[in-house]
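Good morning, everyone. Please bring up the model on your screens, and we will walk through it together.

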Number of protein chains: 2
Amino acid sequence: MTTQAWLFLGMALGLVSFGLALLLYSWVKKQDDGTDRSRKIARAIKEGAWAYLRHLYSALAGVAVVFGIILAIVFSLSGDGFELLTGLETAGAFIIGALCSAVAGFLGMSVAVRANVRTAIAATTNLNKAFNTAYRAGAVLALAMVGIAVFGMCLIYLLTGDPEVVLGFSFGASSLALLAKAGGGIYTKTADIAADLVGKIEAGIPEDDPRNPAVIADNVGDNVGDVAGMGADIFDSYVAATVAAMLIGFTGFLTAPKETQIFYTILPLILCIIGIIASVIGLQFVRVGKNGKPGTALNMATVITCVIFAALATILFLVMRWNVGALIATVAGLAIGVIIGFTTGYFTDDNYQPVRRTAEIAKSGSALNIISGLSYGFISIAPSLFGIAAATLVAYFSAEAFGLPGVYGVGIAAVGMLSLTGVVVANDAYGPIVDNAKGIAEMSNLGEEVVSRCDVLDSAGNTAKAITKGFAISAAALTVLALFVAYKEQIEHYLPSGKEFTLSLLDPLVLAGILLGAIVPPIFSALLMLAVTKNAFKMIEEIRRQFREIPGILLGTVDPDYTTCVGLASQGALKALVLPALLAVLLPLIIGFVLGPAALGGFLGGSIFVGIVFALFMANSGGLWDNAKKYIEAGNCGGTGSDAHKAAVVGDTVGDPFKDTAGPSINTLITVMSLTSSLFAPLIAVFHLFG
Amino acid sequence: MTTQAWLFLGMALGLVSFGLALLLYSWVKKQDDGTDRSRKIARAIKEGAWAYLRHLYSALAGVAVVFGIILAIVFSLSGDGFELLTGLETAGAFIIGALCSAVAGFLGMSVAVRANVRTAIAATTNLNKAFNTAYRAGAVLALAMVGIAVFGMCLIYLLTGDPEVVLGFSFGASSLALLAKAGGGIYTKTADIAADLVGKIEAGIPEDDPRNPAVIADNVGDNVGDVAGMGADIFDSYVAATVAAMLIGFTGFLTAPKETQIFYTILPLILCIIGIIASVIGLQFVRVGKNGKPGTALNMATVITCVIFAALATILFLVMRWNVGALIATVAGLAIGVIIGFTTGYFTDDNYQPVRRTAEIAKSGSALNIISGLSYGFISIAPSLFGIAAATLVAYFSAEAFGLPGVYGVGIAAVGMLSLTGVVVANDAYGPIVDNAKGIAEMSNLGEEVVSRCDVLDSAGNTAKAITKGFAISAAALTVLALFVAYKEQIEHYLPSGKEFTLSLLDPLVLAGILLGAIVPPIFSALLMLAVTKNAFKMIEEIRRQFREIPGILLGTVDPDYTTCVGLASQGALKALVLPALLAVLLPLIIGFVLGPAALGGFLGGSIFVGIVFALFMANSGGLWDNAKKYIEAGNCGGTGSDAHKAAVVGDTVGDPFKDTAGPSINTLITVMSLTSSLFAPLIAVFHLFG
């Protein structure tokens, strides 16, 4: 097949995937949305979510336009003389990237805020129907995302033939992801913590009680944080991994025949195409019997998709007689990704020692519970880092053994790992939908049995989420390593001296860069977490005020003022985004233009290594505390209401911004910083003060 | 002056310093140790401390002998044929290093457990007398340590003329430090947490109440953790920095005339000599008026010593017409060290926003207090990392500008930073002595006024400690960077191929090494903290048992069984040491001999970068929570007994193992790993499976 044929096939399959998403969407929309009461609550959640998205997207539109203009000017001036076309291409790709990510996120939210109530109503019939409603809604986001991403990348490469322009697309997607993920993360945890602290602990009312003024904000938060934010986050890793491998292929085969160079540049796109096919087939296998286990169904989907992908890739490589080294790298990336996912599950699964010991020690109070959860979180980084190291070595040396540049193997391994994206996103988006469904079932008084069915669905979501999260962070890590290689190749390509760019750990500029880069992920996490504590503090005051001034609320005779809480969460999140977002884009540019490309290389390295460690330990400690609390609530170590339970609630609250705000946002942070560096590499290679 | 003259001068001044320490010791011993009651309590603490040290040192003696034999065999076989002398030299230096560190620690402990009661009794007269007693006792440890270190290094170099043998000395000191620091850290926090949780919270008795069965263990802990452990830790940085710079001088001037090479090899020792003189003079300036501020006195000592050191060094360099690049590097290291110390103080000082906001937010419960303290801890790493990066750049380029190898500048900057060691140790050892004095004053009923005087002394110790701790971690960080350079030079020197050893960030083995190295500091911290929670859990059970079974204890009619608690803390700490200590020594060897020198270089890099970040954030978050609690206890945000106070106590308890167990032990961990690597570099360069 010719290059063009592959690109057209990619666009066609992208459209098919998007079409399937729309079909599933209309199926979900047709389901019963129940009683007046449930509709009213669902509408409140939907309106809250829209209000936030409107604010977020209009802010983003402004940012996109400003950035687009800057990119257009900078890249017009970067070549020999004024080349408007280069500038417009990069700016255009950037805006399209941001737009595509926004469309996918929007569609995912749109279906999620409809599927929540429909899942609750379906649960009045049986578990199976409810599971299908929620899972198909999750699949809408997954299929739309994968489809748009592959369509966009193929189209841009078809039009320009230049992977650097596709880099602009990726930068657009990542910039949006950073704001969507971090903003959504702050929003959801502000509402969650405030609702819990005042509602559960002070007022003694249950979770998801309609008398709690923050309950709608809390449910909105699940959607903006876990659907829109998480969707944008994985979209961004998916695109970035593909582009990084394309760039490494492009620069790694500069001296090869043109045809070979183009083949290795588009091979990552071909792998994405196989990924789409595998995901579409894999999603068909998600079936749960009438009283079956939804958790097993979710994990089976992951495993089956993997096997299909590996089989398809192997057949294609062997039939086409493509380089086996690239195949080994792909499969190694995929296999290690799955192993990491399941191993990390050990630290957050209540069948194993970490969760149980942490629950046990909660009997001696909050402090020991916190220390224990943090400690196991620290240990939990081992399987992932070990796996990433193994994937790097296997991919590098297997590529090299078959005559490819070793670094190309690393890029391809990241693409292989992310070929699972479709299933991962579907599994992940399923979580907040069933979580919302449970809330709606409680608030609409749909009865004990329905709530308990929703509970089964919810806990399956949590198990699947723990596994996919370890996977997602590791995939993002391998992606930024690939981006890091791409940055190095870009600099080497554009360095006027033509010297080799070694990035030696003992070069003082690299060393200083690493130390400076190591500062960024902790500070970024801290800014997001402090935003959560600050906003939660404000919202707590507001909830207390409503309870104090409107006594009818707690008696259940007057509806609380949900809108003020929704507004507080929304404004607080958007305001808190400015500084972290600026850090992510400006710091690499400052380091690069001032201390030079070697220091920037070190800076990226430092932020990547420390970033991975922080992302993993925060995600896993958070998941562990959450499950330790649930383990106690299931009647162990004294059960609900005991001192151990109170201590576990503190742990869970600390874990909330760990696992849902700071931890997962670090992925996007390091991706954005790496992309900024690669994109501006041609300029930084030429203009810099020192180094 | 000839090389030999300098070495003899170093040994002479080392002996003078040690002699001064003995003089001060006898002065302290002559002070009044008060009533029968105070003597009895002091004796219980002393006996507890001796019991622990006996166990620790006999375990260490075993380890030292086994290691010594292994080193003797390995290094006898490493050259061409069997060279018993090399093996015996290295093994001997190792054992002498361990012994010197042990002697310094022993002397420090010995004076501390005498000075505590004498300080309490002196406080019955006035503040000034009590301050002098405690401070002079701290100076005993400081002067003994600096004296022994300089004497030992000069002697070994004089006898062998080989800095690699001095490396063996440093390795001995560090191995002991690792066990002493980590063991002491586990001991002290086990007792502290258990005593607080059962005593203060459950039984409602005040801190340092003689009815608490863990109160003696708690006071013993201050001595074994903060005096013996901390002393060994700084001893180890001090020696390691000097040896690293000596090695870099030795390998960096291989092609220079012999005389030049030797000069730059011993220049670090000459700087140590200036450091001793500056410290001895600086310690004279520690004076506090009758009602003056002890905190200011401590900080003044630091600043004055700096100025004296800088002045002496400048005069010497100018008079002797030595290379100005080395002078600039020395002074830059020193100046940046002091700036880092004072900047980091911002995050733990209750006059500034981090402590106050964290105290304020404690009103909304423990969870937000924890999140806030962690977040500020994350941010607090910035000044140190920024400073270390600046010191690296300034030292490197100023050395290079004056024709020296840039890396030599980095080594010399670390020595410059550590020239303050004397004052830092004195200030630090002062802390646990006054803390103990306060406990003894309370337990011996010396009266309100005496306790409040001890309180003033104690809080001055805390302020000084926060500053010296930021300084100590940064100095250790610069030291391991120097060791890292030394490792690279060693490998390059011994690599059979004679190829340049670039340690490129994009070499897959280096990258894999970094990822694996990044795992170590978090896991090491986790193991120590889990040991604390496990042991504290056991001791809590024991205290509860005593209260339950012997009702007379709480009535004050029967003395509790202190010995069982002391034994629990002691055995628990020693048992918990095995795994972390093995990790520190075996991991670098496994990585080096299996994946090769490049992977080991990456491994060291990864553990150093992540280690610095963890050491800093843990130390600072811990200090911040401690002071937030004290700020509330001073009557702010609701004061003692309020909900905010309860939340702050949880934060403080989480912070305990952060700041006194895991955080500071990481320094020693990365030093030991770096030393192991440099020591075995000649072997690893030749024998390795891959790479």
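Start at Ala482(B). Skip its neighbours within four places in sequence. Ala482(B) is then in contact with Ala241(B), Ala244(B), Ala245(B), Ile248(B), Val410(B), Gly411(B) and Ala414(B). Contact means that the C-beta atoms, placed from the backbone, lie within 7 Å.

A word on the source. This is a predicted model: local features need pLDDT of at least 70, side-chain atom pairs count only at pLDDT 80 or more, and totals for chains, interfaces and linings use all residues. Residues are numbered from 1 along each chain as its sequence is written, while chains are lettered from A and ligands numbered from 1 in the order in which they are written.

Back to Ala482(B). The largest nonpolar core has 577 residues, and Ala482(B) is among those that touch the most other members. Val140(B) and Ala414(B) are also in that group, as are Val140(A), Ala414(A) and Ala482(A). A nonpolar core is a set of buried Ala, Val, Leu, Ile, Met, Phe, Trp, Tyr and Cys residues joined through C-beta atoms within 7 Å. Buried means 20 or more other C-beta atoms within 10 Å of a residue's own, again placed from the backbone.

Next, Ser677(B). It sits in helix α19 of chain B. Helices here are DSSP runs (H or I, at least four residues), numbered from the N terminus. Is Ser677(B) buried or exposed? It is buried, because 26 other C-beta atoms lie within 10 Å. Lys488(B) is 189 residues from Ser677(B) in sequence, yet their C-alpha atoms are 9.6 Å apart. Beyond four places in sequence, Ser677(B) touches Tyr487(B), Pro588(B), Gly592(B), Leu600(B) and Leu604(B).

Now the two chains. How many residues of chain B are in contact with chain A? The count is 63, and they meet 63 residues of chain A. The largest share of that side of chain B comes from α16(B), with 19 residues.

How do the copies relate? The same surface serves both copies: 100% of the contact residues of chain B recur in chain A.

Last stop, α12(A). Of its 21 residues, 16 are buried, so α12(A) is largely enclosed by the rest of the structure. Gly403(A) follows α12(A), with a positive phi near 80 degrees.

Terms used
Two residues are in contact if their C-beta atoms, placed from the backbone, lie within 7 Å. Helices (H or I, at least four residues) and strands (E, at least two) are DSSP runs, numbered from the N terminus. A residue is buried if 20 or more other C-beta atoms lie within 10 Å of its own, exposed if 12 or fewer, and partly exposed in between; C-beta atoms are placed from the backbone.
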